[in-house]
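Please look over the sequence and the structure before reading on.

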Amino acid sequence: MNAVDYDVIVIGAGAAGMMCAAQAGQRGRKVLLIDHAAKIGERIRISGGGRCNFTNRSISADNFLSHNPHFARSALARYSQFDFIKLVERYGIAYHEKTLGQLFCDDSAQQIIAMLKSECDAGGVAWAQPCAVSSVAPIAEHGLRYQLATDQGEFRCQSLVVASGGLAIPKLGATPFGYKLAEQFSVPIIAPKPALVPLALDPATLAPLLALSGASLNVATRCDGQPGEFKEAMLITHRGLSGPAILQISSYWQMQAYGDAKKQPISIDLLVGVDAADWLAPHRHSKATLPNLLAERLPKRFAQAWCELHGWLKPLAEHAQKDLQAMSLALNNWSLSPSGTLGYAKAEVTLGGVDTRALSSKTMEVSATPGLYFIGEVVDITGWLGGYNFQWAWSSGWVAGQAA
Ligand code: FDA
């Protein structure tokens, strides 16, 4: 059977792939979009609790982790959050800001999928889905550079865009396809790891917290390598810690461990905006206990369990001055060494991926391999929680769509 020829083939019909295919198609390129899954856009559908936190009002390269921190700047500037918001408004999709600039659909994430499909239709994009790609071979025939063998036949193209995403939530069809293809074409990879992921605690730390499973408190989290802190909610779970403040810091914690088996601790401020030493000072000689005092500011059960963990149950007057110093330090700077993460099954994204130093930041094309592009989460750009990862998918997809 003869191969069918396209100008552009995009592998992966997720957020980045659909944006890229639509743009390339609307430029007049003949585009094929391939996905192996029975349903497209599954990550969009389940995102933001079914309402898709599709972008953030305030975005800069500082909201992303990468081994090449400035790389994201160009694409984010060329196709910004405001461009995507305009697109959403053009489709009449109602949205609202939930918190910290995070924009969600009022109704359903399905509206974003439908919008992207319409954009692909406007670009005359052809679909092969579900379709499994078994091999990609470099060729040089009449300007065509890549030949794909699939279970729907052979396809050839000038430009091949890899938008197959990361490894988070394997049951949604995540595969290492992009990393393997990168290796095949000698494009370096930064070892992928789960990120925006709950953290596990060792049994000794977890034991006194277990009864609190489900409790939530507002904290600030910090970790070496992170500029600033994340002031958000933390959730105690039966395996460790979760909630936005923990998911955010987990990415930096994972980043710190690169090439170094010994992981850094994370630090949790339990009294955000309060200097614990100043707060404790008036109670120095009192009969009050720390659990009772803390219960004024933190959930009572948590205050009790946390003080048990540290052995601070006596009246404050019976504690030595050095204990009070240790209390103040631990309240503003509770240092914990997580034993690990809950892995890809519970992660929202993948840290690491295709090394951006091999890519053009303007187009996402591999500098040494003309016509080969990597976009979206498969690339070593990982956003904070809060709409940043989708914006990276839209921005990187859009710039590749202008060039491929
Ligand atoms: P994406 O994963 O979207 O798409 C990849 C596509 O490639 C999939 O359709 C897959 O089937 C296909 N594919 C994979 N392997 C293939 C192969 N071998 N052959 C063919 N096709 C293949 N972000 C955010 O900004 N706001 C949010 O609210 C959320 N919420 C959220 C919730 C949950 C539960 C998760 C897991 C993730 C989020 N995210 C998020 C992250 C966001 O979903 C993610 O960063 C983007 O979807 C990445 O877009 P991509 O297009 O790169 O990959």
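The text below covers the overall build, the ligand site, the aromatic rings and some backbone details.

The model is predicted: local features need pLDDT of at least 70, side-chain atom pairs count only at pLDDT 80 or more, and totals for chains, interfaces and linings use all residues. Residues are numbered from 1 along each chain as its sequence is written, and side-chain values use heavy atoms, with hydrogens and water left out.

The protein has 13 helices and 21 strands. These are DSSP runs numbered from the N terminus, with helices being H or I of at least four residues and strands being E of at least two. The C-alpha trace spans about 85 × 45 × 35 Å along its principal axes. Of the 404 residues, 56% are buried (under 20% relative accessible area; exposed is over 50% and partly exposed lies in between, with a 1.4 Å probe and protein chains only).

Around the ligand there are 31 residues, and Ala16, Asp35, Thr175, Glu377 and Phe390 come nearest; a residue counts as near if one of its heavy atoms lies within 4 Å. The shell divides into 14 nonpolar, 13 polar and four charged residues. In this grouping Ala, Val, Leu, Ile, Met, Phe, Trp, Tyr, Cys and Pro are nonpolar, Asp, Glu, Lys and Arg are charged, and the others, Gly among them, are polar.

| Residue | Polar atom of the residue | Distance to a ligand oxygen |
|---|---|---|
| Alanine 16 | backbone | 2.8 Å |
| Aspartate 35 | side chain | 2.6 Å |
| Glycine 48 | backbone | 3.3 Å |

Taken alone the ligand exposes 1,000 Å², and the protein buries 93% of that (Shrake-Rupley method, 1.4 Å probe). Helix 1 (15-26), helix 2 (42-46) and helix 13 (388-403) are the elements that give two or more residues to the shell. Helix 13 gives the most, with four residues.

One aromatic cluster consists of Phe54, Phe84, Tyr95, Phe390 and Trp394. The count of aromatic pairs comes to 15, where rings of Phe, Tyr and Trp (its six-membered ring) pair if their centres lie within 6.5 Å.

The peptide bond from glutamine 129 to proline 130 is cis, with omega near 0 degrees. Proline 130 sits in the loop between strand 7 (126-128) and strand 8 (133-141). Leucine 100, in the loop between strand 5 (95-97) and strand 6 (102-105), has a positive phi near 45 degrees. Leucine 100 is exposed, with a relative accessible area of 52%.

Terms used:
A polar contact is a pair of N or O atoms within 3.5 Å; within protein, one must be able to donate a hydrogen and the other to accept it, and residues adjacent in sequence count only if both atoms are side-chain atoms. Rings of Phe, Tyr and Trp (its six-membered ring) pair if their centres lie within 6.5 Å; planes under 30 degrees apart count as stacked, over 60 as edge-to-face and the rest as tilted.
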